Structures are given as C-alpha cells and as structure tokens.
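Here's a quick tour of a protein for anyone just starting out with structures. Have a look at the picture first, then come back for the details.

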Amino acid sequence: MKILKIEGQHKLSGTVHISGSKNATVALIPAAILASDGPVTIMGVPEIDDVASLSILLEELGVKVSTKGSGHLIIDPTNMESKFLEHDAVTKLRASYYFMGALLGKYKKVRMKMPGGCYLGPRPIDLHLKGFEALGAEIDYSHGCYTIEAQELVGAKIFLDVASVGATINIMMASVFAQGRTTIENAAKEPEIIDVATMLNKMGAEIRGAGTNIITIDGVEKLHGTFHEIIPDRIEAGTFIILAAAIAKKMVIKNIIPLHLESLLSKLQEMGVNMEVDVDQVTIYETKDLLPIDVKTLPYPGFPTDLQQPLTTLLTLAQGESTIKETIYTERFKHTVELQRMGANIEVSNARAIIKGPTKLYGDKVTATDLRCGASLVVAGLIAEGVTEIHDVYHIDRGYDDIDGKLQALGARIWRADLP
Ligand code: EPU
C-alpha cells in the first residue's frame, strides 16, 4: 500500500496534456463487445485502474484484449461467451454496470454481481432496470446478484425520471438490437453519451439525438468492428485548470474541448482567474485575490458534481464566503472533513457547503475517501504549507492517468511512499 506525499507551496508552470475521458472509456469498453465481426480499436485510452478492472471482465468473458502503442486498446469479441460475471473486478467500479446493457443487448441474458464504485451516498440503478424491463426483460436480484433476461427485446418509449448518465448509456446498449424503435426521453446530455453513441454508430448502430434529451435507437441486426478515438477527459482537464488557478505561475492545459468546460470556465472568470481560452487548450496565469462564488451542481451543461470537490479546495483561497449546493449526490462532502483537518473553514448542511476564505492550509495526514475527494486533496496538498500525506490513493488511481508524473513535470514535489 502506497501513500501519496506532496510538499506544498511550489509554484507550477508548464504544459499538461489531458488524457482520454475516463467516463467515456468505461462505457466504450463494454460497448465494444457488441461487435460480432472484427475487433474494435479504441484510441486515447487512459492508463487508469478502472480500465484494468474492465479488461479483467472482458477476459472473463473470453474477449481478446491487447494493446498497441500508447493508449490503443484492441478489443476482439469474436470468440466471447455469455458468462456469469462474478469476478471481484465487478465490485471495484460503478461502470461494470455497463456490462448489464451490453450483455443483455447481445445475448438477451446477463448474470452479474452488484456493481461497486465510490460511495457518494445512495446510488440506485432503478432507472437502468426499468429501462431493461420496458424493453421486455425480467429482473431477479438475489444473493447480491442480478439476473436479467428477455425472450426478445422490443423497442419501447422510456422516460427517465432523472436524466441519468448511466441509465441513458445502458439503455442505448441494451436496445441496439431490439426490434423496432426505442426512444429515451429526458435522456442525459453529457458529452460522454455522445461519444458512446458515435462509436456505436460507427459500428453500424442507428442512434440519433445523443446530446439532446430525446434519443432514438432503431434496432439493427448486427454490429461490426471499428476505430474510435476517445474525447478528452473534461473532469481531468477541470482538475488541472482548478489546480493551476490555485498554484500556477502559468500553465497550459492542452487537449481539451473548451465547450465541455464552459460551466467551470465561467465560474473561474467570476472568481477573477486570469485565463486565455483557445481552440483546444486553456492557459491559466497566476491570479491574486480570488473572489468568492456560489455554485450549484447540475446535469450537463450545468456545473459537474465531479468538479465540486476539487473546486472546494480552490474556494478556500477566495476572499470571502463561497457556497456549493450539491444536487446530484447530496452526500458528496466527505472531502470537506479532510480539508478541515488541513485548516479549511467549511460548514456543510442540507447538501450545501459554505466555505469561508481565505484560509491557510497546512500539510496533514488525510484520506481520499473517493476519487474526486482524492483530487481535492491533491489540490490542497499543492497549496498547503508543509507535507501532506494522502492515504487510500487507489481511489485516485482509478480515474487519473499518471497524476504524479504530470504534476512532477509541472514542478510539483509529489511522490509515493510506503505506508509507514
Ligand atoms: N439515479 C437514480 N436512479 C438511477 C440512476 C441514477 O436515481 O437508476 C440518480 C443518482 O442517484 C444521481 C443522479 O441520478 O442522483 C445522476 O446519476 P447518474 O446516473 O447520472 O450517475 P452515474 O451514471 O452513476 C456518472 C459518472 C459519475 C458522475 C455522474 C454524474 C460514470 C462511470 N460515472 O455516474 O462520475 O458523478 O455520472 O455526472 O460515468 C466520477 O467520475 O468521479 C463519478 C462519480
């Protein structure tokens, strides 16, 4: 077990290249098994533990997985079989639930353990299951396992009570071979959904409307292999933009789609952060006297819940009182306890954090209780006086590609050490 150590207060400068999107990748990998001839080559795959866990599950299913060069994952499902997914890797990440939609779509039957992932408060999957039922599947849950089975899958009109990213993608995958037309209403609009629909369409699917709140899927007979380059990770990009605003002299964040980051960039503008936005990069310059802001997390294109945790750390530097209202995961505030240990002044009640700044942060022993909590602590470690020790780093490694290497290249003093 390693811990991450950061000696804070060193100004960063240089360029960082953003990796492929984690939340797109974890859906694209299960989507690839829907091909029946020829491999699917996914390019720009980040080196993160979630990809390793999904690769284990592919191998469990008899899918051939190989890599070529950096970030190319070749997934060949030619000889795969429908099997009970009971490997521990299922419980390591939430996104293993995408095998439900993909296997149900391909074999009309799936049996798997309950997916795991970060604890952010209750994370039901009722909308995924209602979608599968609407397509004709029957669901049984017993002894921690789901069995989802259909005689045949028939297109249906499905209204999502909440615009869920996972349910939208899962229903898209389950319905690519369903008879007739499936319509998902109140679909989520996140860029990762467009990326998955784009790859499935390149494989021969007929999906229209991804990125709007009505998606239609016309069932096809079969899908084939393809090549697909993943979109940049807007959350990794947002994390580096936030840490640049906190501690950089000048940092260029490259390989981004600024449109995907508008909600963050407009909030940083409100804080007075000096920045220049270009076609595929943003440059952040050192800014003194950051202003406080009020933020509310919302589905895309609103402010992403995944960035509220790193943003909380930045707000400890602002001159006055900021607030963050969390509307997606009302319990996603464990990071505030860790930040308080480092000196932050934060009160949380009714899913709202009040951050009073500016406060000086001091290095301490803290725990990454979930992935983005980990990101908020990395930002905190970079600005704090002294050395910060982050425990349970495995959460960070699930979703950030070589975070230590990227930060070291920018001048950060960050290293791994054995747990004392
Ligand atoms: N919800 C339901 N029922 C469902 C599904 C969702 O009530 O069946 C609710 C959730 O409880 C939540 C809201 O709907 O309140 C939105 O959840 P959503 O389904 O959109 O989240 P998700 O698909 O499970 C993805 C990302 C999360 C990100 C959320 C919100 C992946 C693998 N995960 O989760 O990413 O926070 O969307 O944008 O794509 C992360 O990267 O750290 C992370 C947690």
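Let's start with a charged pair: Glu338 and Arg341 form a salt bridge, and their closest N and O atoms are 3.0 Å apart. Keep in mind that this is a predicted model. The protein has 13 helices and 25 strands, and 57% of its 420 residues count as buried.

- Glu338 counts as buried because its relative accessibility is 7%, under the 20% cut-off.
- Arg341, at 43% relative accessibility, counts as partly exposed.

- Side chains of opposite charge can pair when their charged atoms come close.
- The structure holds 23 salt bridges.
- One of them joins Asp37 and Lys222, with 3.1 Å between the closest N and O atoms.
- Asp37 is in strand E3 (residues 35-37), while Lys222 is in the loop between strand E13 (214-218) and strand E14 (223-224), so this pair ties together parts that are 185 residues apart in sequence.
- Asp37 is partly exposed at 33% relative accessibility, and Lys222 is partly exposed at 48%.
- Another salt bridge brings together the side chains of Lys130 and Asp161, at 3.8 Å from N to O.
- That pair links distant parts of the chain, 31 residues apart: Lys130 belongs to helix H4 (residues 126-134), and Asp161 to the loop between strand E10 (157-159) and helix H5 (165-175).
- With a relative accessible area of 44%, Lys130 is partly exposed, whereas Asp161 counts as exposed at 52%, because the cut-off for exposed is over 50%.

**A buried charge without a salt bridge**
- Where does Glu190 sit? You'll find Glu190 in the loop between strand E11 (181-185) and helix H6 (191-202).
- Glu190 is buried but has no salt bridge, and Arg234, the nearest side chain of opposite charge, is 4.7 Å away.
- What does the side chain of Glu190 reach? It gets to the backbone nitrogen of Tyr300, at 3.1 Å.
- If you skip neighbours within four places in sequence, Glu190 is in contact with Val165, Arg234, Pro299 and Tyr300.

**The nonpolar cores**
- The largest nonpolar core has 76 residues, and the members that touch the most others are Ile42, Phe99, Ile148, Met172, Leu200 and Ile207.
- Helix H1 (residues 22-32) gives the most to this core: seven residues.
- Take Ile42 as an example: not counting residues up to four places away in sequence, Ile42 touches a set of residues including Leu28, Ile29, Leu73, Met199 and Ile230.
- Another core, of 71 residues, lies apart from that one, and Ala237, Phe240, Ala353 and Leu377 are among its members.

**The whole fold**
- The C-alpha atoms fill a box of roughly 60 × 45 × 40 Å along the principal axes.
- The radius of gyration is 21 Å, which agrees with the value near 22 Å that a compact globule of 420 residues would have.
- Among contacts between residues at least 6 apart in sequence, 73% join residues at least 24 apart.

Note on methods: Residues numbered from 1 in each chain as written. Predicted model: local features only at pLDDT ≥ 70, side-chain atom pairs only at ≥ 80, totals over all residues. Heavy atoms only, no water. Helix = DSSP H or I, 4+ residues; strand = E, 2+ residues; numbered from the N terminus. Buried < 20%, exposed > 50% of the residue type's maximum accessible area, 1.4 Å probe, protein only. Lys, Arg positive; Asp, Glu negative; His and termini not counted. Salt bridge = Lys/Arg side-chain N within 4 Å of Asp/Glu carboxyl O. Polar contact = N/O pair within 3.5 Å; in protein donor to acceptor, adjacent residues only side chain to side chain. Contact = heavy atoms within 4.5 Å. Core = buried A, V, L, I, M, F, W, Y, C linked by side-chain atoms within 4.5 Å. Rg over C-alpha atoms; globule rule 2.2 N^0.38 Å.
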